[in-house]
Structure formats: C-alpha cells, structure tokens
Amino acid sequence: MLNSLLVVALVAIIAWLGAAIGLGSLFGVVLPYVAIVVFLGGVVWRMVWWAKSPVPFAIPTTGGQEKSLDFIKQAQWDCPDTTLGVVKRMFLEVFLFRSLFRNVNAEIKQDDPVNGGPRLIYYSSKWLWVFALLFHYCFFIVFFRHFRFFVDPVPGCVSFMEMIDGFLQIGAPRFYLTGGLLLVAVLFLIGRRLVNPRVRYISLTQDYFPLFLILGIVVSGIAMRYFLKTDITQVKAFVMGLVHFNPISADGIDPIFFVHVCLVSTLLIYFPFSKLTHMAGIFFSPTRNLPCNTRRVRHVNPWNPPKDFLTYPEYEDLYREAMAGANLPLDKPLEAETKQKSGE
Amino acid sequence: MAKLPTPQELVANRPAFPAEAWLETKPKFVPGSYCYPAKKETMEALHMPHPHEWDPAADDWQLPENWEKILCDAFEDRLKKHRSLKLFMDICVRCGACADKCQFFLGTNDPKNMPVLRAELLRSLYRRDYSMLGKILGKKIGARSWDYQTVKELFFYAYQCTECRRCSLFCPYGIDTAEITAIVRELLHEVGLGLHWIMDPVKNCSYTGNHLGIKPHSYVEIVEMLADDCEDIVGVRPKTPFNERGHEILFICPSGDVFADPGIYTFMGYLILFNELDLDYTLSTYASEGGNFGSFVSFNMAKKLNAKMYEEAQRLGCKWILGGECGHMWRVINQYMDTYNGPTPSNMTTPVSPYTGTVFKNAASTKMVHIAEFEADLIRHNKLKLDPSRNDDLICTWHDSCNPARGMGLLDEPRYVLKHVVNHFYEMPENTIREQTFCCGAGSGLNTEEIMELRMRSGMPRGNALRYVQQKYGVNRMACCCAIDRATLPPLADYWAPGVTISGLTELVANALVCKGEHKRTVNLRQEDLPHLDEEEPEGNEGE
Amino acid sequence: MYNSKAVIAGIVAFLVICTSPFWANFGSGDYKKPEVVLPKKPECIESAEFMRAEHMQLLNEWRDQALRHDNRQYVSSTGKKWEISLQNTCMKCHNDYEQFCDKCHVTNNVDPYCWTCHILPKGSK
C-alpha cells in the first residue's frame, strides 16, 4: 500500500522537478506520445492475446429463468437466449454494473435469540455499486470535459456538459461536481480497501497503485484548476500542438500541469499491463457475452478431441453372459458366440 | 469419522484471519480437512498421467521428478485452450464482491476460500510467467514460483470448491471460479493427484456405464425390485424396458437414483409416471448414468463419460433423450454435451411431447429434455390426474441445485410442478434461492464422509435458510432435483435443521399421481401412511 | 485469432474512441493561440501573470467585497489603492470585450456569468 503511494508521489515529484528545471517538453511532449502509443498498442495487444485462445465451451452464467416452455416467464435480461438479448445484458453490465448491483452482505450471528442458534443474515449492500458507478461515470465526464483543450472550436456537447457539471455556480473558476465526486469516489475505493478487513486482506500493491495514481491525477487537476493556477490559454495552445502533431514550447506553463500530464501518462502506460484491462475484458467474458441457448444451438469447440470411450460393442463384450442371464437384448447373441467358439 | 461439533461450536470456532499475508500461509493437512487420494490402480485403469500412491498428510507427495515443468506446460496449454482462463487471470480487480458469496468461506472463514483468493492462488503463478512486472517484482506484487507447497495449496483449495458458480453471478466481470477450479483440478491430474471419491466413480462409469459400478444384471435386478415396490404401493406394476430398440425416448437418470435412499423413491416416481403415461421409452444399462464425475476431473473425461448417451440413443434408434433429476448432469448436458459429442446422431429429432404436442424448441440441438420441463408441460395441459392432498403431511420448500440454477436456468419449471403436487409450499429467503441459491456444499465430488465437518461448514448457508423456513412455516421436506443433493442434504438437514427430510421432485409427483387401475393408496412411496386416511375411509367405502 | 470479426470490430471501436482527441479536430486547420488586443495604458491592478491566472477569482472576491461587505477599496500587492468596480476600474481600460475577454474565453470554453447582472459592454451581442 505504502509502496504504491510512494511510487505515485515519486512520479509526481520527478515531473515537478523536471518541469521546474526546464524539461517541460520531455514530460509534456515525449512522455504523452509514448504513453498513448503504449496504451493503444498495449490494449490492442492484450485483446489479441485473449482472442488467440478460443472459447471452447458456452458457459454463460444463467442469472434467471431460462427460455423454455411458453407459460414459463423467461428472465430476459439475466438469461437472454438471443444475440439481441445478450447485447441488452452486456449493456446492463457495462453501463449499469448489473452484477455488482446484486451485491448482498452476509453476516453470521453466532447466537441468534430468535433462531436459538447460529444464523446467517443477508443485507442488501449497494455501496460498492454506487461508488463504482460514480467513479466510472465521473471519470468519463471529466475526461470528456477535457475536450475543450483538444478541439477548437469547442463543440456544443462539451459546453453543455460543462454547464450541467458546473450548475451550482460555486466560485470562479466554477466548481465542477464531477471533479469533486470523483475525488470522493476514489477516496471511498481506497478507504474500503483499508477499512474492510476482507478487502484489505486480498488487496495487492497493484490494487492500490492505480487508485493512488488516479487520486494523484484528480488532486493535481483540482489543484491546477482551483488553487495553483496556470495560464490555460497557454495550456490549450500547448495541447493543441500535441494533438496536431506539432508540439510547441512548454514555456510559461506551471509545473503542476506537467505533474498532471505525467501522472496521466503513467496511468496510460500502466493500463494494458494491469487489471485495468477489465475495461476491454468485460466484453470478452464468456459467462456474460454468450446467449443462454446452449441446448438449442450447438457451440463448436475448435480443439474438440476425438471421441474415446467404452463403446457399446465393447461393453457388451465385457458383460455378455451376465446380460444374457438377465434377459437383456444383445446385439451379438450369446449362442452365436459360443457356437462360433465351439465351431472353431 | 470424528465427532462433529455442535452448530454453535462450529460457527464459533471459525478462526480469525491469519496475521500473515496470504502468500505466507500454508494449509494444514489434518485428517478431516482433505479427501482421500485416488488409488493407483484406478488411475492406471483410466490411463491417467503419473498414477502413484500418495498421502495428502505426508510431506512428500511422490510427484514425478519434472513436476514443475509438467505443470507449467499444462498451464500454458490450458491458457491456449481457454480464453476464459486468460481473461479471468487478467481482469480481476479484487473488489471483493465475491468474498462472502462462497459457502466455503462463510463456513470456514478461511480467506483462501474467498473466490478471489482461490483464483489468486493460480493467478500468482500466472503473474510470474506471464507478466513482466511479476518477473521483476515477484512477491511484492503477489507473484510467486511453483513449489511443492504451492501444489499442495492448489490441491487443498481446488477441493474446497463445489464449482457452484455463485460467485460468478455476483462478479462484475463474470469471473467464474468453477472454470478456474476445474482447470486447477486438470493441472493437478497431470501430476497424478486426484480424489478417490471422484476417480472411483469415474472408473466405474467408464467400465460399467454408471458411477456405482452396477453391472447390467444387477442394474436390472434393482430396478425390478423397485418396480415390485411400486406395485405394492400403487397396485399396478410399471413396465421396466431395458436396452430395447425402436422406442421414441431414451431415459437417462443419475445412477444414484437407482441405488441410494432417498433417490430410489424418485426413481420409483419415474417408473410410475412413465407407466401411467404409457411412455414409449427404454432404459439402458449401458448409458445408465446421467451424472458425470468426469466433469470433476477434466473436460476430456467429462466428454468420455458423456459420449455414451448419444451412442446409445443412436444404437437404440431413439428420437430424443429424457433426462432425470440431477444437477451437474444438467450442467454438462446443457452447456457441454452438444459441444463434446454433438452433433446428435441422425436418427434423433427435436423433442416433442407425445401427449401435449409441445415442441421443446429450447432443446432443438441437444435433443435432451429435463424431466421437470416434461412434467410441467404435462401438468399445464392437464394430462396428469393429481391429488396433491396425498402430500398433505409435507410442508415443502424447494432447493435450487447450483448447476440447474446457474448453469441452465431451470428455476420455475420444478416450482410449477411442485406447486401442483403439494398443497404446502414455502420459499426459503430470497438470497438463498433461484439464481442466488447456495449449493449443498458437497457437490463436484466432495460428498465424502471423511470431510463431514467441512461439508457441514460449507452447508451452513443452505442449512441456515432451511432452518429459517422450518421454524417459520414448519417445513419438513426439502425437495430438489439433484442426485448429489439427495445424498448430501440428509446429513446436512440432520445437522442444521433436524426433522427435515429430502426428496426428489418426481417422488412427490408420483405420490400425488392418480393412476389408472390403482388400488386404494394407503402409503406413499416411502411406505409411510398417507395423510387424511381416517377422514377419507368412510367416504371411500361409500363411493366404491 | 478466434471470433475475429467481433474482436476486430471491438479493436477498431476502441482505437477510434481513444484517439478521438487527435481526430476530433480533423479539418479545422492549425490552432493559433488567441491574440488579445491589449489596452494602451500599461498599468493594471496586478501583474499580467497574476491576472492571467487569477482574474476570475479576483473578480469573484471583488463582487463579494462590493456587494456583500460594502467595501469599494482594493489594495494591490504594490500597495496602490483601486476602486472595486468592474465598470469603472476594469473596463475603463479593457473596453473591448470581443477583442479582449472573449478571445480566451471562447477558445477555452469559459462562460463567465458576469453578464447575468452587468450590462454587456458595447460591441457585443
């Protein structure tokens, strides 16, 4: 946990110092380009690596009633049997975190007075779902808002999003809700890893690292916007240089900008080699993206080995006498066999 | 078998999380914590790799000399074969949503029984070989090398998972621990590690057609005996067609139903129902096993044991197969059978109910229908004369077995049937039924006596839910459609909710079924007195 | 590669979305940093660097001082006293709204709400 915090802090400090001694173009130009190439290449490579292995069996988790008889109501969202149904199921998973929404907490009472013994009680527990949704959507909106730096003139949808996001009209520059909520969500996600003993036990360095990294990004972004300040006209000119592949000098931009950019770049580089690939992975998940029609449509396994089993003739050979004794019909009658033998 | 602690003790003595990180802790192989290993002869007979004698409690498991290479190569091979494995190794974010969804974790409080850590045991090995950072940073980021202890740990926890898929339902990415457990078990088999309780049935099934190793003549004998019992109870002797050609339907059920109490009552139920319908069907001594312990071993072993079904349907010229009440059998049939051994033989056609004309379009390719679907359809079309009051001594609840629930979606068909054959039906709490059902805690080959305490632990959530409805509604019967359940739930109920008995669905159907030409029924299939006997008697006398 | 159609479609979608900052601009030509027309009078209340980064906060503060605390006097960092007034102080020199304020605000998509109370200066719609 501390390791990851240190690494993130180190990245930020290096970027700060680097920018301060005039290496702005290294952290502002070279690093982002490298990061984007690594990110795009890495994620594509990861998807290809997954795709190189087949899906030998159709193993959807049936999350409700299957489609069977006419009078039995199918759970269309959780047990879809058509491609369209699967698209709906995936939509729920990707955009609304359907599975996480099911979450319940199981609590074991050692001695329940009502029960006269141990008792297991289940509580609906939607906090993880709420904050996970909040985190992902805020992250997306914050990213989307940044298009005001990538595009000129700024498209109406971005302005609209900014208007909604800043509707409270607090302060100047106006406070964006999503930025604040993103911070809250990240802190919740870090907090539950530290406080919940189970999650704490399973958490690894690579669980804390991206959280701290994103925390760093959010904090540096908020700091830049509201507190430390930089000349954003210069920043936009600089960023537009980047997206036009025509980078300009980084002079006149506060180091906090490079800290922010450097942390984002780190995240992009780290992304394809980490659990963050769940972004692409969810689409590949065979327990979710296959229709629950496995008795109606045959799924083909490309490496299906040849059949190898005890065939009926072999079985009959093993038990012919006993089978004859039990008056079971035989493919090769006992008499014929004994006759053959005696004939020889 | 050691004496079991009381439920209170069992819950109270769950240890706290260890102070050390999970990479530092190792499982202790004490009697009762592990299942007995497969015998060398069994493994040899099945041509399994590296058959050998070994003892889980011993330090040395007698692995082959190059075991590490074998395992690494096998792991690589599985990664190439299963996209799911690659994906599940890569995308887990360790959010912990799966943690308290596992009945083994709830019952043992062993952190490595949280599905996420169970997978992490393999993921840590994956990290070393398939990620740059893992190679460099090692333990700091949860990567580790294969060593003897790791193999033991994988074995320990791969056999504390019933592949029930409850965690996969709650996982935001659908990571399926059943898939991981199945593959870990495959890997362990590469170095000759397997369970007696699994491999023995597999061997039996390979050579005799069923897990119990019942030879053809004995199989016939047992079924005839059950048919005799049916005659005593109903007054009509059901037909028992064996290995006959030219019937429309081949009926296959788990062999546990032929052999073990209370499964036999379900089997008698099949016989009575089919006889009443005058169903054009045959049983087979060759394909006399619906269950598939091969699916607890490896995908190829599951395929091997499953192959007999289509082979026999082809030989006997049956148009479709009717499947009995079994859990993992239906996971295999629903999601694997067609892929393993399809396409179906040319003589088979899309199943059509001979009585209602219902076309089972949902089984168009596999051509295999679940008996609960078949019965629900019959009842819907009023083809069965039912007297549910014969089950009035029973206050029922329904246990969704894990495989039909989350690997098939068979939820409402059995309920539909049940509600028509019993008058008293109560659901268990909503987080313990339907797709969220808790399994019996001893599926996937873990229903052995030597781990009884572990089974009671993993069965706690189910037992707890059962106790709840027992106290609230007076439930005294839990019905289910799984042969393993019928074997594992009775001790579980005795422990957690004493007084509740277990039965299959068709047993209750046959109790309620009014047959043509039956004599006055005085006992149910268990030869217990029927309820309302006193009240009905004068009425009956007058009527007849 | 298996399921290549779906996978390639996915890869393309991913690349298109993630490179959008680069192509969203396509065809709009090179970007030029806006050149503001500076007023003739050389002296502002604070330094140019400070004003570039902080003017919005300063204006907010001025609004609060003038309207909520009835304080119309601002002492700059150099000690000089200025009247707190958008119309009478700021806009006396920065009198070309389009060529000054709007230049940066438009390109950076900033939509100040000064003009919900104040009358828009001449030369603007």
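Modeller: Let us begin with two helices of chain A. The axes of helix 1 (residues 2–20) and helix 12 (residues 255–270) of chain A come within 8 Å of each other and cross at roughly 135 degrees. This is a predicted model, in which local features need pLDDT of at least 70, side-chain atom pairs count only at pLDDT 80 or more, and totals for chains, interfaces and linings use all residues. Residues are numbered from 1 along each chain as its sequence is written, while chains are lettered from A and ligands numbered from 1 in the order in which they are written.

Biologist: What makes helix 1 of chain A oblique to helix 12 of chain A?

Modeller: An axis is a line fitted to C-alpha atoms, for helices over the stretch in contact, and angles run from 0 to 180 degrees between N-to-C directions. Angles under 35 degrees count as roughly parallel, over 145 as roughly antiparallel, 65 to 115 as roughly perpendicular, and the rest as oblique. The crossing angle is roughly 135 degrees, and therefore helix 1 of chain A is oblique to helix 12 of chain A.

Biologist: Which hand does the crossing of helix 1 and helix 12 of chain A have?

Modeller: That crossing is right-handed. A crossing is left-handed if the near helix is turned anticlockwise from the far one by less than a right angle, and right-handed if clockwise.

Biologist: Which residues of helix 1 and helix 12 of chain A meet?

Modeller: Among them are Val11(A), Ala15(A) and Trp16(A) in helix 1 of chain A, and Phe258(A), Val259(A) and Leu263(A) in helix 12 of chain A. Two residues are in contact if their C-beta atoms, placed from the backbone, lie within 7 Å. By class, the residues of this contact divide into 11 nonpolar, two polar and no charged. Here Ala, Val, Leu, Ile, Met, Phe, Trp, Tyr, Cys and Pro count as nonpolar, Asp, Glu, Lys and Arg as charged, and the others, Gly among them, as polar.

Biologist: Why is helix 5 of chain A called oblique to helix 8 of chain A?

Modeller: The axes of helix 5 (residues 127–145) and helix 8 (residues 177–195) of chain A come within 8 Å and cross at roughly 140 degrees. That angle makes helix 5 of chain A oblique to helix 8 of chain A. Helix 5 of chain A passes helix 8 of chain A in a left-handed crossing. The residues that meet include Phe131(A) and Phe135(A) in helix 5 of chain A, and Leu181(A) and Phe188(A) in helix 8 of chain A. The contact has 13 nonpolar, two polar and no charged residues.

Biologist: How do you know where the helices and strands lie?

Modeller: Helices (H or I, at least four residues) and strands (E, at least two) are DSSP runs, numbered from the N terminus.

Biologist: How many residues of chain B are in contact with chain A?

Modeller: 101 residues of chain B are in contact with 88 residues of chain A. Helix 15 of chain B gives the largest share of the side of chain B that touches chain A, seven residues. That side divides into 45 nonpolar, 28 polar and 28 charged residues.

Biologist: Which of the two pairs of chains in contact shares the most contacts?

Modeller: Chains A and B do. The contact of chain A with chain C takes 35 residues from chain A and 31 residues from chain C. No contact joins chain B and chain C, and their closest C-alpha atoms lie 10 Å apart.
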